[in-house]
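Subject: Structure for you to look at

Hello,

Here is the structure I said I would pass on. Please open it first, then read the notes below it.

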Amino acid sequence: MMRKVWSRLSAGLSARKVFWILVGAALTSFGLYNIHRQVNITEGGVLGMMLLINHWFGIPSSKVTPVLDIACYALAFRYLGARFIKISIVSTLSVSGFFFLWEQWPPVLPDLSGMPLMAALLGGCFVGIGVGLIVRQGGSSGGDDALALAISKVSGWRLSKSYLATDLTVLALSLSYIPLRQILFSVVTVTVSSWLIDFVQNARFGKKAGAAENK
């Protein structure tokens with residue numbers, strides 16, 4: 001069943017795009033599972049807002065997350081079109097699939113709880129490069145990316161600025177229940193990841209590679 005769904009969704013996408021989406025999904029989910037989850041680094045965006053709502057209003061995350069994601073994708077659909085949504089479904093399913101794969105084993109990286117700054121920097125690199133590869137193919141890994149891309153499209157801001165605007169807003173609100181020290185490490189990781197997403201999306205690797213990306 002899942003194989004049929006995947007085949008239909010990926011129809012029309014080049015093998016190159018699917019390959020880089022899978023690489024990006026693997027890197028993103030690997031970093032989140034092996035670093036962020038172990039060290040308990042708080043996220044901005046949709047995940048951070050979900051935690052905030054759950055803390056203050058007691059609404060289960062399982063109910064909040066789909067509502068926030070759907071709202072972000074509805075906004076993205078209006079400004080970025082149906083093809084973006086199709087690619088995003090493929091990339092989101094890829095991230096979920098790799099999460100399921102990693103969860104079959106214990107974390108393979110050392111617990112960096114004693115070195116939170118190192119964890120924030122390394123985690124930001126995994127997420128930034130991974131999501132950057134997905135965004136470069138024209139999709140997103142979740143509602144966070146969809147919202148940032150829509151804001152970038154409407155405002156004309158660089159993508160890194162759009163990510164930071166949403167992440168830092170949520171992290172500022174999260175100060176209402178999370179210690180400042182922990183929030184500061186989250187600021188580090190979202191700053192690194194935002195810059196890398198922007199860099200990977202806009203990187204040029206020569207005329208030949210650039211032409212291939214536009215296909």
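In which helix is the place of Asp-198? Asp-198 sits in helix α9. I will come back to that residue after some background.

This is a predicted model, in which local features need pLDDT of at least 70 and side-chain atom pairs count only at pLDDT 80 or more, while totals for chains, interfaces and linings use all residues. Residues are numbered from 1 along each chain as its sequence is written, and side-chain values use heavy atoms, with hydrogens and water left out.

The whole chain

The protein chain has ten helices and zero strands. Helices here are DSSP runs of H or I with at least four residues, strands are runs of E with at least two, and both are numbered from the N terminus. Of the 215 residues in the chain, 44% count as buried. Buried means under 20% relative accessible area, exposed means over 50%, and partly exposed is in between, using a 1.4 Å probe and protein chains only.

Asp-198 has 2% relative accessibility, so it counts as buried. Its side chain makes a polar contact of 2.8 Å with the side chain of Asn-202. A polar contact is a pair of N or O atoms within 3.5 Å; within protein, one must be able to donate a hydrogen and the other to accept it, and residues adjacent in sequence count only if both atoms are side-chain atoms. A polar atom of the Asp-198 side chain also lies 2.9 Å from the backbone nitrogen of Ser-160.

Ser-88 belongs to helix α5. With a relative accessible area of 0%, Ser-88 is buried. A polar atom of its side chain lies 2.8 Å from the backbone oxygen of Phe-84.

Helix α2 and the residue after it

Helix α2 covers residues 15-39. The expected span of a helix is 1.5 Å times one less than its number of residues.

Asn-40 follows α2, in the loop between α2 and α3. Its phi is positive, about 65°, although Asn-40 is not a glycine. Asn-40 counts as exposed because its relative accessibility is 51%.

Helix α7

The 13 residues of α7 should span 18 Å, and the end C-alpha atoms are 18 Å apart, which agrees. The buried residues of α7 include Gly-143, Asp-145 and Leu-149. Asp-144, also in helix α7, counts as partly exposed because its relative accessibility is 24%. Just after α7, Gly-156 takes a positive phi of about 85°.

The largest pocket

How much space lies in the largest pocket? The volume is about 980 Å³. Of the 37 residues that line this pocket, the closest to its centre are Leu-32, Glu-43, Leu-47, Phe-99 and Asp-144. On a 1 Å grid over the protein atoms alone, a pocket is an open set of points with protein on both sides within 12 Å along at least five of seven lines, and lining residues have an atom within 4 Å of a point. Helix α9 gives the most to the lining, with six residues. By class, the lining has 15 nonpolar, 16 polar and six charged residues. Asp, Glu, Lys and Arg count as charged; Ala, Val, Leu, Ile, Met, Phe, Trp, Tyr, Cys and Pro count as nonpolar; the others, Gly among them, count as polar.

Pairs that are apart in sequence

- Tyr-177 and Leu-52 are 125 residues apart along the chain, and their C-alpha atoms are separated by 8.2 Å. Tyr-177 is in the loop between α8 and α9 and, at 23% relative accessibility, counts as partly exposed.
- Met-118 and Thr-189 are 71 residues apart in sequence and 9.6 Å apart in space. Met-118 is in helix α6 and, at 45% relative accessibility, counts as partly exposed.
- Asp-144 and Tyr-163 are 19 residues apart in sequence and 8.0 Å apart in space.

Regards

Notes: 1 Å grid on protein atoms, 1.4 Å probe; cavity = no way out; pocket = protein on both sides within 12 Å on 5 of 7 lines; lining within 4 Å. Points joined across faces, edges and corners; volume = space filled by probe spheres on them.
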